[in-house]
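Here is a brief report on a predicted model. Have the sequence and the structure side by side as you read.

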Amino acid sequence: MGKGGGCVPSKKKVPSDVVATEDATRASRDAPIAAEDTSASNSNPIPDSSQNDAVSEASRPIAAAKLRIFIVFYSMYGHVEELARRIKKGVDGVEGVEGVLYRVPETLTPEVLEAMKAPSKDDGIPEISAAEMAAADGLLFGFPTRYGCMAAQMKAFFDSTGGLWKEQSLAGKPAGFFVSTGTQGGGQETTAWTAITQLAHHGMLFVPIGYTFGAGMFKMDSVRGGSPYGAGVFAGDGSRQPSETELGLAEHQGKYMAAVVKKLA
């Protein structure tokens with residue numbers, strides 16, 4: 001044909017398959033949004049206040065449980081108990097550690113205690129059982145002396161720990177002592193020293209205070225109980241009360257033991 005013939009295809013003509021694809025795309029774009037698509041487009045709504053609170057609570061760090069030092073004592077006339085309370089104050093003053101007061105069971109009858117003019121015991125301090133000691137991170141034992149050794153009530157309590165000894169449930173736990181004696185040569189050191197055998201058989205770690213109390217350990221201007229083994233008080237005939245220096249040493253022992261327990265933990 002001549003130049004005017006229409007049988008020659010134009011180079012700009014788009015193939016039919018491409019046209020079909022574009023039509024389908026346009027139809028899909030122009031189509032109304034279905035109901036289910038509307039809900040899908042709103043799948044992340046703004047949370048309400050209760051949801052915000054829940055998220056906030058979940059994101060908060062969980063507070064670590066405090067380490068616990070059990071302060072286990074026997075006190076007939078209150079001298080050892082006073083030391084125990086000040087020791088607790090020292091323990092509680094160290095962040096992350098708390099002191100828990102316990103007394104061991106009494107072995108004397110009420111009639112005997114009355115005849116000895118022993119004051120009534122504070123019901124706010126519970127008696128401890130041997131099994132409960134396994135929950136402690138550290139232990140401080142306080143007792144009066146009897147001929148240079150611990151009082152029978154504390155010894156009876158240690159004698160009841162056979163189950164813990166069999167399982168070595170106390171092995172590795174740090175422990176220390178504080179004492180009360182009637183006279184200056186009555187056993188401030190030997191009462192603690194002879195008690196170390198109880199710790200040894202349980203595999204416990206004896207923690208003496210040494211001379212960490214500083215200048216207070218060297219004062220000679222007044223009567224003072226205590227030794228490198230631990231805090232102490234001179235009770236005399238029972239009428240003498242702990243001095244501020246003796247109580248200060250007790251508080252120091254609490255802080256010192258708390259610091260040791262934190263290091264070991």
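## Around Arg224

Which residues does Arg224 touch, not counting those up to four places away in sequence? The contacts are Gly216, Met217, Lys219, Phe234, Thr245, Glu246 and Leu249.

Arg224 sits in the loop that runs between strand S6 (205–206) and strand S7 (232–234). Its relative accessible area is 16%. The cut-off for buried is under 20%, so Arg224 counts as buried. Two of its contacts can be described further. A polar atom of the Arg224 side chain lies 3.1 Å from the backbone oxygen of Met217. Phe234 is ten residues from Arg224 in sequence, and the two C-alpha atoms are 7.1 Å apart.

## Strand S1 and its partners

Strand S1 covers residues 67–73. Six of its seven residues are buried. S1 pairs with two strands described here, S2 and S3.

Strand S2 spans residues 97–103 and runs parallel to S1, with seven bridges between them. Phe70 of this pairing faces Val100 in S2.

Now look at the cores.

The largest nonpolar core holds 30 residues. Those with the most contacts inside it are Phe70, Val72, Met133, Leu139, Phe141, Phe143 and Met154. S1, S2, S3, helix H6 (152–159) and strand S5 (174–181) each give two or more residues to this core. A second core is separate and has 27 residues. Among them are Phe73, Ala84, Val94 and Val261.

Phe141 is one of the residues with the most contacts inside the largest core. Leaving out residues up to four places away in sequence, Phe141 touches Val72, Met133, Met154, Phe158, Ala175, Gly176, Phe177, Phe178, Leu199 and Met204.

Phe141 also belongs to an aromatic cluster.

Definitions and conventions. Residues are numbered from 1 along each chain as its sequence is written. This is a predicted model: local features need pLDDT of at least 70, side-chain atom pairs count only at pLDDT 80 or more; totals for chains, interfaces and linings use all residues. Side-chain values use heavy atoms; hydrogens and water are left out. Buried means under 20% relative accessible area, exposed over 50%, partly exposed in between (1.4 Å probe, protein chains only). Helices (H or I, at least four residues) and strands (E, at least two) are DSSP runs, numbered from the N terminus. Two strands pair if DSSP finds at least two bridges between them. A nonpolar core is a set of buried Ala, Val, Leu, Ile, Met, Phe, Trp, Tyr and Cys residues joined through side-chain atoms within 4.5 Å. Contact means heavy atoms within 4.5 Å. A polar contact is a pair of N or O atoms within 3.5 Å; within protein, one must be able to donate a hydrogen and the other to accept it, and residues adjacent in sequence count only if both atoms are side-chain atoms. Rings of Phe, Tyr and Trp (its six-membered ring) pair if their centres lie within 6.5 Å; planes under 30 degrees apart count as stacked, over 60 as edge-to-face and the rest as tilted.
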